[in-house]
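Have the sequence and the structure open while reading.

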Amino acid sequence: MEERDYDMNKISLVDTAYMMLRERMVCGELMPETLLSENELAEEYQMSRTPIRHAIARLESEGYVTSLKNRGVLVKDVGGKEFLDLIEQIQSMLFYCFEMMKNPNREIYLNLESLAAHVEVQRTAEKRNDYPLYTEHHFLFMREIVESLNNGVMLNTFDSFRDKLYMYSIVRFKRTPHIKHYSAIGINRDTLHALSSNDYKAAQEVVLSLIPITRERMLATGQF
């Protein structure tokens, strides 16, 4: 019994270290190219190196860090190609969602008021220059659409890469503060307008513009 309690405590420490480190990377507190030390992290989080090491291994398997022999752990950047690939995945998901909504026999509950609330938060965040909040609700808007299909596998897939999209956006914002970044709201606003009119074909046309708009923006800002 004591052995099992010890193992559960160790797993809890690993999860704690993993979540804290992941959150700091995703929100841009630990920027790409930052070199981390297991010893320093263990001291900062007041735990042994073992849970830190396991947490780092988990983050490395997810592509957030890479271990450098005898040097430490490097926070990885989300590359432009990877970002575009993930956007294309979202585009495909949303297009499929709207295709399913065309089927009158498919029971789908989409909360338009909640979607409108996300767009409104984006507007407010832009006025306050709160880009993290703006970006968070940009992806929450899309997540609600995916969630409406009640497909757990699809939703889990979306959640698995949403943080990388968020990380890329925040890091890019911090690196290029002189460039206008508040442009994603147009996609959500136009999507909401189409959905409010039950015009799912128009909604599909809006999401199909995700890739060309994103690519054009990245090229203009030297991000790709």
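Which residues in α5 meet which residues in α6? In this predicted model, the α5 side of the contact consists of Ser114, Leu115, His118, Val119, Val121, Gln122, Ala125 and Glu126. They meet Leu133, Tyr134, His137, His138, Leu140, Phe141, Glu144 and Ile145 in α6. Sorted by class, the contact of α5 with α6 has 9 nonpolar, 5 polar and 2 charged residues.

**Two partners of α5**

The axes of α5 and α6 are 8 Å apart and pack at an angle of about 165°. An angle over 145° counts as roughly antiparallel, so α5 is roughly antiparallel to α6. The crossing in which α5 passes α6 is left-handed.

Helix α5 (residues 112-127) also pairs with helix α8 (residues 185-196), where the axes come within 10 Å and cross at roughly 155°. This makes α5 roughly antiparallel to α8. Here too the handedness can be stated: α5 passes α8 in a left-handed crossing. On the α5 side, the contact is made by Leu112, Leu115, Ala116, Val119, Gln122 and Arg123. On the α8 side, the residues are Ile185, Asn188, Arg189, Leu192, Leu195 and Ser196. By class, the contact of α5 with α8 has 7 nonpolar, 3 polar and 2 charged residues.

**The nonpolar core**

The largest nonpolar core has 68 residues. Those with the most contacts inside it are Met25, Ile90, Leu94, Phe98, Met142, Ile145 and Leu195. What does Leu195 touch, leaving aside its neighbours within four places in sequence? Its contacts are Phe98, Met101, Leu110, Leu112, Leu115, Ile145, Tyr200 and Ala203.

His137 is found in helix α6 (residues 131-147). Is His137 buried or exposed? Its relative accessibility is 14%, so His137 counts as buried. Not counting residues up to four places away in sequence, His137 touches His118, Val121, Gln122 and Asn188. His137 and Glu120 are 17 residues apart in sequence, and their C-alpha atoms are 9.3 Å apart in space.

Val14 lies in helix α1 (residues 2-26). Val14 also counts as buried, because its relative accessibility is 14%. Apart from neighbours within four places in sequence, Val14 is in contact with Pro51, His54 and Ala55. Val14 and Leu133 are 119 residues apart in sequence and 28 Å apart in space, C-alpha to C-alpha.

Asn70 has a phi near 65°, a positive value in a residue other than glycine. Asn150, which is not a glycine either, has a positive phi of about 60°.

| Residue | Loop | Relative accessibility |
|---|---|---|
| Asn70 | between β2 (65-68) and β3 (72-75) | 78% |
| Asn150 | between α6 and α7 (152-175) | 71% |

Where do these two values place the residues? Exposed means over 50% relative accessible area. At 78%, Asn70 therefore counts as exposed. Asn150, at 71%, is exposed as well.

Key
Residues are numbered from 1 along each chain as its sequence is written. This is a predicted model: local features need pLDDT of at least 70, side-chain atom pairs count only at pLDDT 80 or more; totals for chains, interfaces and linings use all residues. Side-chain values use heavy atoms; hydrogens and water are left out. Axes are lines fitted to C-alpha atoms, for helices over the stretch in contact, and angles run from 0 to 180 degrees between N-to-C directions. Helices (H or I, at least four residues) and strands (E, at least two) are DSSP runs, numbered from the N terminus. Angles under 35 degrees count as roughly parallel, over 145 as roughly antiparallel, 65 to 115 as roughly perpendicular and the rest as oblique. A crossing is left-handed if the near helix is turned anticlockwise from the far one by less than a right angle, and right-handed if clockwise. Contact means heavy atoms within 4.5 Å. Ala, Val, Leu, Ile, Met, Phe, Trp, Tyr, Cys and Pro count as nonpolar, Asp, Glu, Lys and Arg as charged, and the others, Gly among them, as polar. A nonpolar core is a set of buried Ala, Val, Leu, Ile, Met, Phe, Trp, Tyr and Cys residues joined through side-chain atoms within 4.5 Å. Buried means under 20% relative accessible area, exposed over 50%, partly exposed in between (1.4 Å probe, protein chains only).
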